[in-house]
Amino acid sequence: MRKLFGTDGIRGQANHYPITAEMALLVGKATAQYFAGDGTRCRAVIGKDTRLSGYMLESALTSGLLSMGMDVLSVGPMPTPAVAHLTRSMGAACGIMITASHNPAADNGIKIFAADGFKLPDEVELEIERHILSGTLNSEHVPASGIGKAYRIDDARGRYIEFAKSSIHNLSLKGLKIVLDCANGAAYSMAPLIFRELGAEVVETGVHPDGCNINLDCGALHSANVGRMVRECGADAGIAFDGDADRVIFCDENGEEVNGDRIIGMLALEYQRRGRLSGNTVVVTSMSNLGLHRAMRENGIQVEVTDVGDRYVIERMRAGRFNIGGEQSGHIIFMDYATTGDGIISALHVLELMTTSRRKLSELAGFMRVFPQEIRSLAVARKTPLADLPGLSGVMAECRKALADSGRIVVRFSGTENKLRVLVEAEDAAAVRHWADRLEDAARRELC
């Protein structure tokens with residue numbers, strides 16, 4: 001059982017355990033001990049989003065790494081996928097991203113990447129966690145002559161910008177008008193520049209971070225704002241990132257949301273047409289809509305399903321050598337280019353498809369009929385195993401029986417927040433509402 005690491009790094013409320021300066025110092029020391037424990041001089045890339053607490057955590061992490069003899073390459077505010085890319089391209093032993101992704105500004109977190117740009121496997125996280133919790137790190141240091149050095153990498157932003165544009169071969173996007181919402185997060189300065197350099201007309205919002213407004217009524221969790229702006233200014237599409245830009249949600253020319261399922265499906269169909277869809281397969285999580293499964297099956301594309309979390313999608317993609325996968329929430333993985341969900345590269349590929357096919361986004365997204373679906377998110381005081389909740393377990397059993405031939409449910413605790421997620425999906429919208437209400441009521445009685 002992991003005590004610090006969740007499904008996406010270490011996460012929590014800033015200045016409260018475990019997201020404290022003291023813990024960040026230990027994370028830095030333990031990470032250096034793992035990657036440079038044999039005395040080899042090596043480097044770590046550190047990036048962050050725009051949260052105020054990022055300054056505190058970056059300083060503490062850097063101190064921990066340096067104290068154990070590891071050099072630090074600081075790249076400043078930078079999307080998570082950019083940190084993963086820079087870790088590989090700069091030959092670093094690891095990369096560390098300080099972010100809580102789509103969470104509120106009061107939260108923060110620490111994600112660690114290996115030298116290949118992929119998130120650490122469970123066994124490595126467990127080993128780092130053991131070092132942190134062992135209590136021995138406070139007495140372990142290198143000689144004064146072996147302390148690491150810290151460097152600010154001034155051209156880091158340019159390196160990633162050129163890499164991202166090259167993923168679509170610097171295709172001109174001239175003639176496209178887009179609304180771009182950067183969630184007052186890590187992509188606030190970089191993303192508008194990328195799309196403008198490729199020729200698109202950009203109407204930007206969410207590009208004035210103040211340390212406390214990341215994800216605040218903006219970004220991928222509030223795509224209705226982008227939809228409204230698309231309608232008001234007559235744009236071809238709207239693009240909304242989350243705070244660290246590893247996920248993206250679109251709006252079409254009518255302002256209607258185009259989520260991760262539709263993005264995965266439309267690009268899988270295009271890759272299949274070009275003969276580029278590895279294994280003729282896409283990888284998604286249990287939250288993906290049954291309509292996507294049906295549409296892929298009708299087009300001869302296989303669908304593999306993993307647990308919720310882009311790390312599990314990536315693990316399956318690597319094992320099967322598949323090149324397209326992701327989550328309904330907007331984490332899209334193009335394994336031909338990136339080692340993690342990359343909102344900017346995903347957006348570029350959608351705009352490339354719109355440009356080369358000369359089709360509107362609503363038309364491209366119309367390949368599937370969405371099954372009615374409701375997702376409820378309940379704040380909980382504790383994460384009691386579902387099997388120990390007789391009331392909720394009983395309603396779940398009833399629901400599964402009722403929807404056996406026409407739908408499904410997914411009930412799980414969030415890996416990044418103290419919340420219970422409830423998904424109900426079926427062909428009949430009334431049945432979806434009925435069972436979502438019953439499941440929510442049962443969960444509230446036993447968990448809230």
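This is a predicted model: local features need pLDDT of at least 70, side-chain atom pairs count only at pLDDT 80 or more; totals for chains, interfaces and linings use all residues.
1. A search through the whole structure turns up 3 cavities of 30 Å³ or more.

2. Who lines that largest cavity? The residues are Pro81, Ala84, His85, Arg88, Tyr160, Phe163, Tyr337, Ala338, Thr339, Thr340 and Asp342. Helix α3 (80-89) gives the largest share, 4 residues. Both α3 and α5 (156-166) supply at least two residues each, so have a look at those two helices when you find the spot on screen.

3. Now for the open space. The largest pocket holds about 1,300 Å³. It is lined by 46 residues, and the closest to its centre are Leu221, Arg247, Met287, Ser329 and Ile375. Strand β17 (373-379) provides the largest share of this lining, 4 residues. At least two residues each come from α8, β17, β18 (407-413) and β19 (419-426).

4. Next, a sheet to trace by eye. This one is open, with 4 strands in the order β14-β13-β15-β16 and mixed pairing. Its edge strands are β14 (302-306) and β16 (332-334), each of which pairs on one side only. On average, neighbouring strands here are turned by 20 degrees against each other, if you ignore direction.

5. A quick reminder before zooming in: strands in a sheet pair through backbone hydrogen bonds, and they can do that parallel or antiparallel. Which sense do β15 and β16 use? They pair antiparallel, over 3 bridges, with β15 covering residues 324-326. To find one of the bridges, pick Gly325 and look for its partner Ile333 in β16.

6. Helix α8 (residues 260-274) packs on this sheet, touching β13 (281-285), β15 and β16. The direction of α8 makes about 175 degrees with that of β15.

7. Last stop, helix α10 (residues 310-320). Its buried residues include Asp310, Arg311, Val313, Ile314 and Met317. Why do these five sit on the same side of α10? Because they cover an arc of only 155 degrees around the axis. Among the elements covering the buried residues of α10 are β1 (5-6), α4 (122-134) and the strands β13, β14, β15 and β16.

8. One backbone detail to check: just after α10, Arg321 takes a positive phi of about 60 degrees.

How values were computed: Residues are numbered from 1 along each chain as its sequence is written. Side-chain values use heavy atoms; hydrogens and water are left out. Two strands pair if DSSP finds at least two bridges between them. Axes are lines fitted to C-alpha atoms, for helices over the stretch in contact, and angles run from 0 to 180 degrees between N-to-C directions. Contact means heavy atoms within 4.5 Å. Buried means under 20% relative accessible area, exposed over 50%, partly exposed in between (1.4 Å probe, protein chains only). The arc is that of the directions from the helix axis to the C-beta atoms. On a 1 Å grid over the protein atoms alone, a cavity is a set of points where a 1.4 Å probe fits but cannot get out, and a pocket is an open set with protein on both sides within 12 Å along at least five of seven lines; lining residues have an atom within 4 Å of a point. Grid points are joined across faces, edges and corners, and a volume is the space filled by probe spheres set on the points.
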